[in-house]
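Okay, thanks everyone, let's get going. I'd like to walk you through one model today, a few spots at a time. Have a look at it first.

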Amino acid sequence: MNTSPRASAHVSHKGWYSIDWNTVQKYVTKLRQRIYRAEQQNQQRKVRKLQRLLLRSKANLLLSIRRVTQQNNGKRTPGVDGYTASNPNERIKLYQQLVKCNVFQHRPKPAKRMFIPKKNGKLRPLGIPTMRDRVYQNVVKNALEPQWEGRFESTAYGFRPKRSTHDAISNLFNKLNTNSKKKWVFEGDFLGCFDHLKHDWIVEQISTFPGTPLIKRWLKMGYIEQDMLRPTKEGTPQGGIVSLLANIALCGMEKRLVLSIKDIQTKRRI
């Protein structure tokens, strides 16, 4: 049963705070759960159908606007266009504008490049998309994420829902305090991970996703630094909601590492 119109049809007639957010959230959550189950059952046609439904969902658009303009830490940080929707009336107006648009035809604007200091004294580059791009990124993330949650390794914790660094620490603690023979820890660091991810590889991994053309435009949208437009031939914008793409690009690396280590151990025995 499609409850998206019922969940959001009254938005244009009443205030932002009168929206039944529980109903809106339940609809989006239910669709995400259906995508996850369909992926687990390898029903790829059903996955794509449900993803299209969620990408066009008014409820998904509402939740995305709420998250980007009201809940996220960067809700007051504008992109290159200087636009923010900081009050309820502006959020309603933003919804009324975007609900008339086709998410699949959206043309993103370049990100605004900012730098924040790291603990080692170096600077970490961040790409700040426009508010409208952030909303659409969250719309896409809600449709793409449950499919890949059915594929990610159980031991992956970064940029995943309801997972944190503390969960990873707890998992390591439990495994290293059992009778398991696995008593070693592999520690590695990807040099400029976000900056050097290959676009072609990411696009290949999500080739069946209905929103892939939009993601390709995000990857190639470039960024503004010192009033100059700079192209992005590789990498994903660190700080954007679509950091999920980094997980997708790295999916399967653990298996390859384990096979490589086993191969090294076998050669040593020989």
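Before anything else, a word on labels: when I say strand, I mean a DSSP run of E of at least two residues, and the numbering goes from the N terminus. And keep in mind that this is a predicted model.

With that, let's start in the loop between strand S3 (223–225) and strand S4 (228–230), where you'll find Gln226. Gln226 isn't a glycine, yet its phi is positive, about 55 degrees. Why point that out? Because most residues other than glycine have a negative phi. Gln226 is also exposed, at a relative accessible area of 68%.

There's another residue like that. Lys162 has a positive phi of about 60 degrees, and again it is not a glycine. Look for Lys162 in the loop between H6 and H7. Is Lys162 buried or exposed? It's exposed, with a relative accessible area of 85%.

Phe152 has a relative accessibility of 10%, so it counts as buried. What does Phe152 touch, leaving out residues up to four places away in sequence? The answer is Arg160, Leu244, Asn247, Ile248 and Cys251. Take Cys251: it sits 99 residues from Phe152 in sequence, but C-alpha to C-alpha the two are 6.2 Å apart.

Next, Pro108, in the loop between H5 and strand S1 (111–117). Pro108 comes out at 17% relative accessibility; the cut-off for buried is under 20%, so Pro108 counts as buried. Setting aside neighbours within four places in sequence, Pro108 contacts Asp133, Leu214, Arg217, Trp218 and Met221. As for Tyr136, it is 28 residues along the chain from Pro108, with 9.3 Å between their C-alpha atoms.

Now for His199, which lies in helix H9 (residues 199–205). His199 is buried, with a relative accessible area of 4%. Its side chain makes a polar contact with the side chain of Lys220, at 3.1 Å. Beyond four places in sequence, His199 touches Leu219, Lys220, Thr232, Lys233, Glu234 and Gly235.

Okay, helix pairs. Helix H2 (residues 21–40) and helix H3 (residues 44–55) have axes that come within 8 Å and cross at roughly 160 degrees. Angles over 145 count as roughly antiparallel, so that's what H2 is to H3. The crossing is left-handed. On the H2 side, the residues are Tyr27, Val28, Leu31, Arg32, Arg34, Ile35, Ala38 and Glu39, and they meet Gln44, Lys46, Val47, Leu50, Gln51, Leu53 and Leu54 of H3. By type, the residues in this contact are nine nonpolar, two polar and four charged.

And the other pair: the axes of helix H4 (residues 58–71) and helix H5 (residues 88–98) come within 10 Å, crossing at roughly 140 degrees. So here H4 is oblique to H5. What's the handedness of the crossing of H4 and H5? Right-handed. H4 brings Lys58, Leu61, Leu62, Ile65, Thr69 and Gln70 to the contact, and H5 brings Arg91, Leu94, Tyr95 and Leu98. Those split into six nonpolar, two polar and two charged.

That's my tour. Happy to go back to any of these spots.

Note on methods: Residues are numbered from 1 along each chain as its sequence is written. This is a predicted model: local features need pLDDT of at least 70, side-chain atom pairs count only at pLDDT 80 or more; totals for chains, interfaces and linings use all residues. Side-chain values use heavy atoms; hydrogens and water are left out. Helices (H or I, at least four residues) and strands (E, at least two) are DSSP runs, numbered from the N terminus. Buried means under 20% relative accessible area, exposed over 50%, partly exposed in between (1.4 Å probe, protein chains only). A polar contact is a pair of N or O atoms within 3.5 Å; within protein, one must be able to donate a hydrogen and the other to accept it, and residues adjacent in sequence count only if both atoms are side-chain atoms. Contact means heavy atoms within 4.5 Å. Axes are lines fitted to C-alpha atoms, for helices over the stretch in contact, and angles run from 0 to 180 degrees between N-to-C directions. Angles under 35 degrees count as roughly parallel, over 145 as roughly antiparallel, 65 to 115 as roughly perpendicular and the rest as oblique. A crossing is left-handed if the near helix is turned anticlockwise from the far one by less than a right angle, and right-handed if clockwise. Ala, Val, Leu, Ile, Met, Phe, Trp, Tyr, Cys and Pro count as nonpolar, Asp, Glu, Lys and Arg as charged, and the others, Gly among them, as polar.
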